[in-house]
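Colleague: Show me the model, and let me test the labels you put on it.
Modeller: Go ahead.

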Amino acid sequence: MCNKCKAALNFENLGRRNFLKITGAATALGLAGGGLFANPAYADALTKAQRDKMTPNQIIEAMKKGNNRFRMGVRKNRNYLNEQKASASGQYPAAVLLSCIDSRAPAEVIMDLGIGDIFNCRVAGNVGNQDILGSMEFACKLSGAKVVLVMGHTACGAVKGAIDNAELGNLTGLLAKIKPAVQATNYKGERSATNYGFVDAVARKNVELTVAAIRKDSPVLAELETKGSIKITGAMYNLGTGVVEFFG
Ligand SMILES: [Zn+2]
């Protein structure tokens with residue numbers, strides 16, 4: 001944890017000069033106020049007006065700030081009940097995510113997001129299919145989300161399974177969707193599931209291929225991106241460090 005953030009957590013012996021410094025740090029981290037993407041003046045779930053005035057890049061910046069807060073242990077003091085009540089009659093999420101089912105990579109937690117902030121598709125190995133594409137088209141074209149983010153993660157069990165040619169019931173077919181990434185990964189070391197360097201390189205390539213497939217297989221999303229209405233990009237979450245690395 002950085003010194004500024006340690007200081008932000010220690011309110012004892014706080015002089016006015018320090019208070020002003022800390023307030024500045026809190027603002028930089030997006031801690032002041034309510035909803036994740038929200039202006040501090042708004043306390044509850046993201047509204048349509050707030051979401052619509054943000055650019056795709058501003059939404060990605062807000063997610064980066066949320067991940068910074070998560071890593072520093074200074075998460076927003078949000079009120080889930082207020083968010084639930086404020087979003088019950090309508091939702092205006094800013095992004096749609098495709099990420100792995102891994103229990104250690106919950107997007108809302110690791111990016112300090114709240115109820116109503118993002119649509120969330122989760123499937124082992126964060127692979128796409130027509131149903132996922134349909135969900136993303138609903139999220140962006142009909143509901144107004146502006147970012148499509150495919151988020152892989154380190155030490156992914158699905159990626160290891162694809163490398164190992166694991167076979168089990170319906171899992172066999174799912175892992176087959178990751179195998180093109182295994183083939184496409186340039187890697188000089190040992191190409192095995194016990195080599196985490198290779199596993200993580202395949203996971204990264206898998207995200208890249210999934211992002212490319214979204215553009216290719218969804219003319220709806222590709223057109224929105226060409227017009228600048230949305231941004232389609234990838235990210236990798238590091239289980240060891242807690243860092244979400246955005247590709248763009
Ligand atoms: Zn995984």
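Colleague: Where is Asp112 found?
Modeller: In this predicted model, Asp112 is found in the loop between helix H6 and strand S2, residues 118-122.
Colleague: Why is Asp112 called buried?
Modeller: Buried means under 20% relative accessible area. Asp112 has 0%, so Asp112 counts as buried.
Colleague: What is the phi of Asp112?
Modeller: Phi of Asp112 is near 50 degrees. That is a positive value in a residue other than glycine. Most residues other than glycine have a negative phi.

Colleague: What is the phi of Asn126?
Modeller: Near 40 degrees for Asn126, again positive and again in a residue other than glycine. Asn126 is found in the loop between S2 and helix H7, residues 130-142.
Colleague: How do you know whether Asn126 is buried or exposed?
Modeller: The cut-off for buried is under 20%. Asn126 has 2% relative accessibility, so Asn126 counts as buried.

Colleague: On to the metal. Which residues are the protein donors of the zinc ion?
Modeller: Cys100 through SG, His153 through NE2 and Cys156 through SG. They lie 2.1 to 2.3 Å from the zinc ion.
Colleague: What makes them donors?
Modeller: A donor here is an N, O or S atom within 2.8 Å of the metal. The three atoms lie 2.1 to 2.3 Å from the zinc ion, so they qualify. Water is not among the atoms, so sites may look incomplete.
Colleague: How are the donor residues of the zinc ion spaced in sequence?
Modeller: As C-x52-H-x2-C.
Colleague: What makes the pair Cys100 and Cys156 tie parts together?
Modeller: Cys100 lies in the loop between strand S1 (95-99) and helix H6 (107-110). Cys156 lies in the loop between strand S3 (147-153) and helix H8 (157-163). So the pair ties together parts that are 56 residues apart in sequence.
Colleague: Are Cys100 and Cys156 buried or exposed?
Modeller: Cys100 has 6% relative accessibility, so Cys100 counts as buried. Cys156 has a relative accessible area of 2%, so Cys156 is buried as well. The limit for buried is under 20%.

Colleague: Now the second largest pocket. How much space lies in it?
Modeller: About 220 Å³ lies in the second largest pocket.
Colleague: Which residues lie nearest the centre of the second largest pocket?
Modeller: Gly128, Lys177, Leu209, Thr210 and Ala213. The lining of this pocket has 13 residues.
Colleague: Which helix gives the most to that lining?
Modeller: H11 does, with six residues. Helix H10 (179-184) and helix H11 (196-217) each supply at least two residues.
Colleague: How does the lining split by class?
Modeller: Seven residues are nonpolar, four are polar and two are charged.

Colleague: Why is Gly197 called partly exposed?
Modeller: Partly exposed runs between buried, under 20%, and exposed, over 50%. Gly197 has 34% relative accessibility, so Gly197 falls in between. Gly197 lies in helix H11.
Colleague: What about Leu171?
Modeller: Leu171 has 34% relative accessibility and counts as partly exposed. Its place is in helix H9, residues 171-176. Leu171 and Ala124 are 47 residues apart in sequence, yet 9.1 Å apart C-alpha to C-alpha.
Colleague: Is Gln50 buried or exposed?
Modeller: Gln50 is buried, with a relative accessible area of 4%. Gln50 sits in helix H3, residues 48-52. From Gln50 to Ala94 is 44 residues in sequence and 9.3 Å in space, C-alpha to C-alpha.

Colleague: Finish with the protein chain. How many helices and strands does it come to?
Modeller: Twelve helices and five strands.
Colleague: What share of the protein chain is buried?
Modeller: Buried residues make up 44% of the 248 residues.
Colleague: What share of the contacts with a separation of 6 or more comes from residues 24 or more positions apart?
Modeller: Such residues account for 70% of those contacts.

Definitions and conventions:
Residues are numbered from 1 along each chain as its sequence is written. This is a predicted model: local features need pLDDT of at least 70, side-chain atom pairs count only at pLDDT 80 or more; totals for chains, interfaces and linings use all residues. Side-chain values use heavy atoms; hydrogens and water are left out. Donors are N, O and S atoms within 2.8 Å of the metal (3.2 Å for Na, K and Ca); water is not among the atoms, so sites may look incomplete. Helices (H or I, at least four residues) and strands (E, at least two) are DSSP runs, numbered from the N terminus. Buried means under 20% relative accessible area, exposed over 50%, partly exposed in between (1.4 Å probe, protein chains only). On a 1 Å grid over the protein atoms alone, a cavity is a set of points where a 1.4 Å probe fits but cannot get out, and a pocket is an open set with protein on both sides within 12 Å along at least five of seven lines; lining residues have an atom within 4 Å of a point. Grid points are joined across faces, edges and corners, and a volume is the space filled by probe spheres set on the points. Ala, Val, Leu, Ile, Met, Phe, Trp, Tyr, Cys and Pro count as nonpolar, Asp, Glu, Lys and Arg as charged, and the others, Gly among them, as polar. Contact means heavy atoms within 4.5 Å.
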